[in-house]
Amino acid sequence: HSTLVLSGPTGCGKSTQVPQYLDEAGWTSAGYAVAVTVPRRLAAVTVAARVALEMGVQLGEEVGYKIRFDSCVSQERTRLFFMTDGFLLREMLSDPLLTRYG
């Protein structure tokens, strides 16, 4: 499987712009989703809200977040998931290959 590590200075759009580009490029078609990990729970909620605002969608629909003790997603519609590193590891317990994500 191909892997890409993206590195850049703070504020360059790694967490906000790149997921939107991937969505627009079709990576979320055919039922796939894009997962973006952030180091803290508050960052997951804040970044998800910012991206939803930029895309003009309601938080929890096309854009959502998953953190410990809280989630704001639609199982059918969410394409961009923002989550903590720990939550991604938890997802890997039930789906080691992360087949839901494109």
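**Thr16 and the wider chain**

Modeller: Thr16 is in contact (heavy atoms within 4.5 Å) with Val47, Arg50 and Val51, when its neighbours within four places in sequence are left aside. The model is predicted, so local features are reported only at pLDDT of at least 70 and side-chain atom pairs only at pLDDT 80 or more, while totals for chains, interfaces and linings use all residues. Residues are numbered from 1 along each chain as its sequence is written, and side-chain values use heavy atoms, with hydrogens and water left out.

Thr16 lies in the segment before α1. Its relative accessible area is 18%, and it is therefore buried (under 20%; exposed is over 50%, and partly exposed is in between, with a 1.4 Å probe and protein chains only). Helix α1 covers residues 17-24, and Glu24 belongs to it; helices here are DSSP runs of H or I with at least four residues, strands are runs of E with at least two, and both are numbered from the N terminus. Glu24 is exposed, at a relative accessible area of 65%. Between the C-alpha atoms of Glu24 and Ser7 there are 21 Å in space, for a separation of 17 residues in sequence.

The loop between α1 and β1, the latter at residues 34-38, contains Ala30. Ala30 is not a glycine, yet its phi is positive, at about 60°. Ala30 is also exposed, with 72% relative accessible area. A second residue of this kind is Phe69, whose phi is about 75° although it is not a glycine. Phe69 sits in the loop between β2 and β3 (70-72), and its relative accessible area of 75% makes it exposed.

Asp70 is placed in strand β3. With 35% relative accessibility, Asp70 counts as partly exposed. Its side chain makes a polar contact with the side chain of Tyr65 at 3.0 Å; such a contact is a pair of N or O atoms within 3.5 Å, where within protein one atom must be able to donate a hydrogen and the other to accept it, and residues adjacent in sequence count only if both atoms are side-chain atoms. From Asp70 to Tyr21, 49 residues apart along the chain, the C-alpha separation is 26 Å.

Glu62 counts as buried, at 13% relative accessibility. The side chains of Glu62 and Arg77 make a polar contact at 2.5 Å. Residues up to four places away in sequence aside, Glu62 touches Val57, Arg77, Thr78, Arg79 and Leu80.

Gly60 is found in the loop between α2 and β2 as well. Gly60 is buried, with 7% relative accessible area. Gly60 and Arg79 lie 19 residues apart in sequence, with a C-alpha to C-alpha distance of 9.9 Å.

As for the whole chain, its secondary structure consists of three helices and four strands. Their order from the N terminus is α-β-α-β-β-β-α. The radius of gyration is 13 Å, close to the 13 Å of the globule rule for 102 residues, so the chain is as compact as a globular protein of that length; the radius is taken over C-alpha atoms, and the rule is 2.2 Å times the number of residues to the power 0.38. The C-alpha trace spans about 30 × 30 × 25 Å along its principal axes.

Buried residues make up 33% of the 102 residues of the chain. Among contacts with a separation of 6 or more, 47% join residues 24 or more positions apart. The chain exposes about 6600 Å², of which carbon and sulfur atoms supply 56%; accessible areas come from the Shrake-Rupley method with a 1.4 Å probe, and for residues only the protein chains shown count as cover.

Finally, the chain carries 10 positive and 10 negative charges, and their mean positions are 7 Å apart. Lys and Arg count as positive and Asp and Glu as negative, with His and the chain ends not counted; each charge is placed at NZ of Lys, CZ of Arg, CG of Asp or CD of Glu.
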